Amino acid sequence: MVSIIISAYYLYSGYKQENELSDMASEVDCGDFQHLPYRLMEVKTRKLSDASRTDPTVLVFVESQYSSLGQDIIMILESSRFQYHIEIAPGKGDLPALIEKTRGKYILIIYENILKYINMDSWNRSLLDKYCVEYGVGVIGFHKTSEKSLQSFQLKGFPFSVYGNLAVKDCCINPHSPLLHVTRSSKLEKGSLPGTDWTIFQINHSAYQPVIFAKVKTPENLSPPLPKGAFYATVIHDLGLHDGIHRVLFGSNLNFWLHKLIFIDAVSFLSGKRLTLSLDRYILVDIDDIFVGKEGTRMNTNDVKVRLFISKFGSSLSRFV
């Protein structure tokens, strides 16, 4: 998993585009957190309930068994060796059984399309929310825009606005987010992020904390237009202060390498660290090449020095991973 993420980082670095000089001169630096339009101080979150009351299984609601984002979610859960159960997201149908006797069957709920959760009928939504509150279960959701034109609207039941189908750039991480575990809040270099279907969240409420920021490439095209060079949240954390349910909402899919890290961290945090990856890193050296390799292929002094250099360079990547 770590090698995949590191490879993704280098691929991401390879396609970054340089900003125009005029834009660079007028925009806020990605590292200037004091200029961000959010409160970034450490906040107290509502504690998750005792996670031992639930089985360590993730319930994943997908659009279909062939949806690309759903497959990406399952791939990460499988590679992390987390147990999961897949369900097709019901329109207005019944939910699967959430409780067996007095024990919760799922430690976390993931929606490939968060609108399926938001637009549930009131009966099933109340059942699901009651389960989440009673058993301390969090929700992860991805916002998917349904049209190609620019969109601006408010999510039903949430005190913030969203803008959809945007191209964004210059990513930053909130260093005070309680989600961070594998991810480090180091400053990231500027560059365009993949895709033109991003959603940004415009929030101004203490119960919601941004996790990742980015700038909109063409904010003047929105109605009303957004300030040029300002940062907006692309991933937000509902701290559970309003209704007792922690939620993490992504404004895009998992194609962006940093979203994969934040997704892993969100699973870890919302599961009370029961589903988490170790921070230990290992380097594998094939000693067969030293002792039994063919003449001319065995490791020599220079080979060993190169491997030592790689190990030192690899450890410096820990600020990103």
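**Reading the terms**

Mentor: Leu-98 is buried, having a relative accessible area of 11%. Bear in mind that this is a predicted model, in which local features need pLDDT of at least 70 and side-chain atom pairs count only at pLDDT 80 or more, while totals for chains, interfaces and linings use all residues. Residues are numbered from 1 along each chain as its sequence is written, and side-chain values use heavy atoms, with hydrogens and water left out.

Trainee: Why is Leu-98 called buried?
Mentor: Buried means under 20% relative accessible area, exposed over 50% and partly exposed in between, with a 1.4 Å probe and protein chains only; Leu-98 has 11%, and therefore counts as buried.

Trainee: Which residues is Leu-98 in contact with, leaving aside its neighbours within four places in sequence?
Mentor: Taking contact to mean heavy atoms within 4.5 Å, Leu-98 touches Leu-59, Arg-103, Gly-104, Lys-105, Tyr-106, Leu-128 and Tyr-131. Of these, Tyr-131 is 33 residues from Leu-98 in sequence, with 7.5 Å from C-alpha to C-alpha.

Trainee: How many aromatic pairs does a search of the whole structure find?
Mentor: The search finds 12, where rings of Phe, Tyr and Trp (its six-membered ring) pair if their centres lie within 6.5 Å, and planes under 30 degrees apart count as stacked, over 60 as edge-to-face and the rest as tilted.

Trainee: What makes the pair of Phe-61 and Tyr-111 stacked?
Mentor: The ring centres of Phe-61 and Tyr-111 are 4.6 Å apart and their planes stand at 25 degrees, so the pair is stacked. This pair links distant parts of the chain, 50 residues apart, with Phe-61 in strand β1 (residues 57-62) and Tyr-111 in strand β5 (residues 108-111); strands (E, at least two residues) are DSSP runs, as are helices (H or I, at least four), numbered from the N terminus. Phe-61 is buried at 1% relative accessibility, and Tyr-111 is buried with a relative accessible area of 1%.

Trainee: Why is the pair of Phe-256 and Trp-257 called edge-to-face?
Mentor: Their planes are at 70 degrees and their ring centres 6.2 Å apart, so the pair is edge-to-face. Phe-256 counts as buried at 2% relative accessibility, and Trp-257 counts as buried at 4%.

Trainee: Where does Arg-125 lie in relation to Tyr-117?
Mentor: Arg-125 lies over the face of Tyr-117, at 4.1 Å from the ring centre; the rule asks that NZ of Lys or CZ of Arg be within 6 Å of the ring centre and within 35 degrees of the ring normal.
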